Amino acid sequence: MTQTPTKLRPLEPLLAPLVMANDDDDDDGGTSVVVETRPKTKRPPLYKVLLLNDDYTPMEFVVAVLERFFGMNHAQAFEIMLTVHKKGVAVVGVFSHEIAETKVAQVMDFARQHQHPLQCTMEKE
């Protein structure tokens, strides 16, 4: 009994997603490889959250805000509060846009609820 050789299928259908016909007007039957390149993703911009000094908000309240909304311990919060007091402004954190926006809103709402004029803002880093 003789075996008949199996017919090999051309590779083109198997490689169809990777190979496309050459667009040149040559009839040489050449092919070119399509290489998919991934677009380089940029990191989203970061935003600084700033606390502004005023003459009315108690220092203890500012320390409480820094501990509550920015996860600082008492010593860190006290140091930042002094920076705000002496320099008029301090960066209290750097976040993505959505998180920075949320932090600003939380601080402003909390200050208003306690009837303090504390100002918090954000700016692109």
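## A walk through the fold

Starting at the N terminus, the elements follow the order β-β-β-α-α-β-α-β. That gives 3 helices and 5 strands, where helices (H or I, at least four residues) and strands (E, at least two) are DSSP runs numbered from the N terminus. This is a predicted model, in which local features need pLDDT of at least 70 and side-chain atom pairs count only at pLDDT 80 or more, while totals for chains, interfaces and linings use all residues. Residues are numbered from 1 along each chain as its sequence is written, and side-chain values use heavy atoms, with hydrogens and water left out.

**Whole protein.** Begin with a surface view. The accessible surface comes to about 10,000 Å², and 54% of that belongs to carbon and sulfur atoms; areas come from the Shrake-Rupley method with a 1.4 Å probe, and for residues only the protein chains shown count as cover. Of the 125 residues, 26% count as buried. Here buried means under 20% relative accessible area, exposed over 50%, and partly exposed in between (1.4 Å probe, protein chains only).

**The core.** Next, select V49, L51, L66, F70, V92, V107 and L118, the residues with the most contacts inside the largest nonpolar core, which has 26 residues. Strand 3 (46–52), helix 1 (59–70), helix 2 (74–87), strand 4 and helix 3 (97–113) each give two or more residues to this core. Helix 1 supplies the largest share, 7 residues. Such a core is a set of buried Ala, Val, Leu, Ile, Met, Phe, Trp, Tyr and Cys residues joined through side-chain atoms within 4.5 Å.

Now centre on V92. Not counting residues up to four places away in sequence, V92 touches V49, L51, L66, F70, M72 and I80, with contact meaning heavy atoms within 4.5 Å.

**A loop residue.** Move to T57, in the loop between strand 3 and helix 1. Is T57 buried or exposed? T57 counts as buried because its relative accessibility is 11%. A polar atom of the T57 side chain lies 3.3 Å from the backbone nitrogen of L118. Leaving aside neighbours within four places in sequence, T57 is in contact with V62, H116, P117 and L118.

Finally, select L46, V91 and V94, which make a nonpolar surface patch of about 200 Å². Patch residues have over 30% relative accessible area and no salt bridge, with nonpolar side chains (Val, Leu, Ile, Met, Phe, Trp, Tyr) joined within 5 Å and like charges within 9 Å. A salt bridge is a side-chain nitrogen of Lys or Arg within 4 Å of a carboxyl oxygen of Asp or Glu. V94 lies in strand 4 (residues 89–96) and is partly exposed, at 35% relative accessible area.

Key:
A polar contact is a pair of N or O atoms within 3.5 Å; within protein, one must be able to donate a hydrogen and the other to accept it, and residues adjacent in sequence count only if both atoms are side-chain atoms.
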